[in-house]
Amino acid sequence: MAYSASLSSHIPFHTNSRFCAFPSKLPNKHKTTPFRTTITTTAIPSLFTAASVTDLSAVEGTTIALIGGGSVAALAAVLSLADPERRRRLQAEEVGGGDKEVVKNYFNNSGFQRWKKIYGETDDVNKVQLDIRLGHSKTVENVIKILTDEGSLKGVTVCDAGCGTGCLAIPLAKEGAVVSASDISAAMVAEAEKQAKEQLVVGNGGIAPVMPKFEVKDLESLDGKYDTMVCLDVLIHYPQSKADGMIAHLASLADKRLILSFAPKTFYYDLLKRIGELFPGPSKATRAYLHAEADVERALNKVGWKIRKRGLITTQFYFARLIEAVPA
């Protein structure tokens, strides 16, 4: 599940590069096996986290504010005039709980309709939605590549935690993996099951892929043991204090590897997120948490895991850090 932020960067990108291997420049202690992905570059690229504070799925791309360095500094001065935390508290009170209840309510209602459209193939999307769809699909493609680079997935057990509408679970099943897929949203799970039944049909070989097992579960409720655990764009709903425990929990369920994607936290991105909270749009959105890569790595190291591959997936309006971790 994902959101999008609402501001742009003044940092110039090289426009003569279409493909980029990640990481491009890492200190020696962080050098890992790179993987590749497509990047859309512009002279003034928009920075949209894979999951952030404001759902802009109903906003036309032409309405996105382009904020330069001086403008960002000026807008930072007015952040105190907004009260996004008060909006979050009222939102939580409406559904009778905290972040988890807000997330569940959102993705079972208005959020489900928006993200079903973004994750789908309908032409009824604006430029922002289409770009986010591209970014998310690149993340899925990279995950499939990471897994298939080491051989066939036939019979490999994979847990897709936070499966959404099945964007990853279904391709994994097509590759022969035995997939357990779950999501906190019953609406998302129902849509994923529907899509799986339509897409996982008997092929030319006469053998249909194994249908994924879909369940309505939050991350805390997951159990069992799998060759691979995958959790894409879900940590956005967890503050770092809870994310540490969640990362440890996911790692405990994986035998061979854990793949995570998350919205990276830096001073600049955090500032953009806070400014984005000034423009909540017509619909309410859930609280968003960015995560520093060093914090995620520290949480993995604490439970005896290390990062083997790391990369950055970006399009004009999508921005996500993707890592593969294995037992140390």
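This report describes the fold, helix packing, salt bridges and cysteines of a predicted protein model.

## Overall architecture

The secondary structure of the protein consists of 10 helices and 11 strands. The protein has 328 residues, of which 52% count as buried. Among contacts with a sequence separation of 6 or more, 75% are between residues 24 or more positions apart.

One residue illustrates such surroundings. S182 belongs to strand 6, which covers residues 178–183. With a relative accessible area of 2%, S182 is buried. Leaving aside residues up to four places away in sequence, S182 touches D160, A161, G162, C163, E215, K217 and L222.

## Packing of helices 3 and 4

Two packed helices are described by the angle between their axes and the distance between the axes. Helix 3 spans residues 99–108 and helix 4 spans residues 110–119; their axes come within 3 Å and cross at roughly 60°. The two helices are therefore oblique to each other.

Helix 3 contributes Y106, F107 and N108 to the contact, while helix 4 contributes S110, G111, F112, R114 and W115. By type, the residues of this contact divide into 4 nonpolar, 3 polar and 1 charged.

## Salt bridges

Side chains of opposite charge can pair when their charged atoms come close. The structure contains 14 salt bridges. One of them joins the side chains of K194 and E198, with an N to O distance of 3.1 Å. Both residues lie in helix 7 (residues 186–199), and because they are 4 residues apart, about one helical turn separates them. K194 is partly exposed, at 41% relative accessibility, and E198 is also partly exposed, at 47%. Another salt bridge links K217 with D223, whose closest N and O atoms are 3.5 Å apart. D223 has a relative accessibility of 46% and counts as partly exposed.

Which parts of the chain does the pair of R310 and E297 tie together? The side chains of these two residues form a salt bridge at 3.3 Å, N to O. R310 is in strand 10 (residues 305–314) and E297 is in helix 10 (residues 293–302), so the pair connects parts that are 13 residues apart in sequence. R310 is buried, with a relative accessible area of 3%, and E297 is likewise buried, at 12% relative accessibility. Elsewhere, salt bridges that share partners join E150, R257, R308 and E324 into one network.

## Cysteines

How many disulfides does the model contain? The count is 0.

C231 counts as buried, because its relative accessibility is 1%, and the cut-off for buried is under 20%.

Conventions
Residues are numbered from 1 along each chain as its sequence is written. This is a predicted model: local features need pLDDT of at least 70, side-chain atom pairs count only at pLDDT 80 or more; totals for chains, interfaces and linings use all residues. Side-chain values use heavy atoms; hydrogens and water are left out. A disulfide is a pair of cysteine sulfur atoms within 2.5 Å. Buried means under 20% relative accessible area, exposed over 50%, partly exposed in between (1.4 Å probe, protein chains only). Axes are lines fitted to C-alpha atoms, for helices over the stretch in contact, and angles run from 0 to 180 degrees between N-to-C directions. Angles under 35 degrees count as roughly parallel, over 145 as roughly antiparallel, 65 to 115 as roughly perpendicular and the rest as oblique. Contact means heavy atoms within 4.5 Å. Ala, Val, Leu, Ile, Met, Phe, Trp, Tyr, Cys and Pro count as nonpolar, Asp, Glu, Lys and Arg as charged, and the others, Gly among them, as polar. A salt bridge is a side-chain nitrogen of Lys or Arg within 4 Å of a carboxyl oxygen of Asp or Glu.
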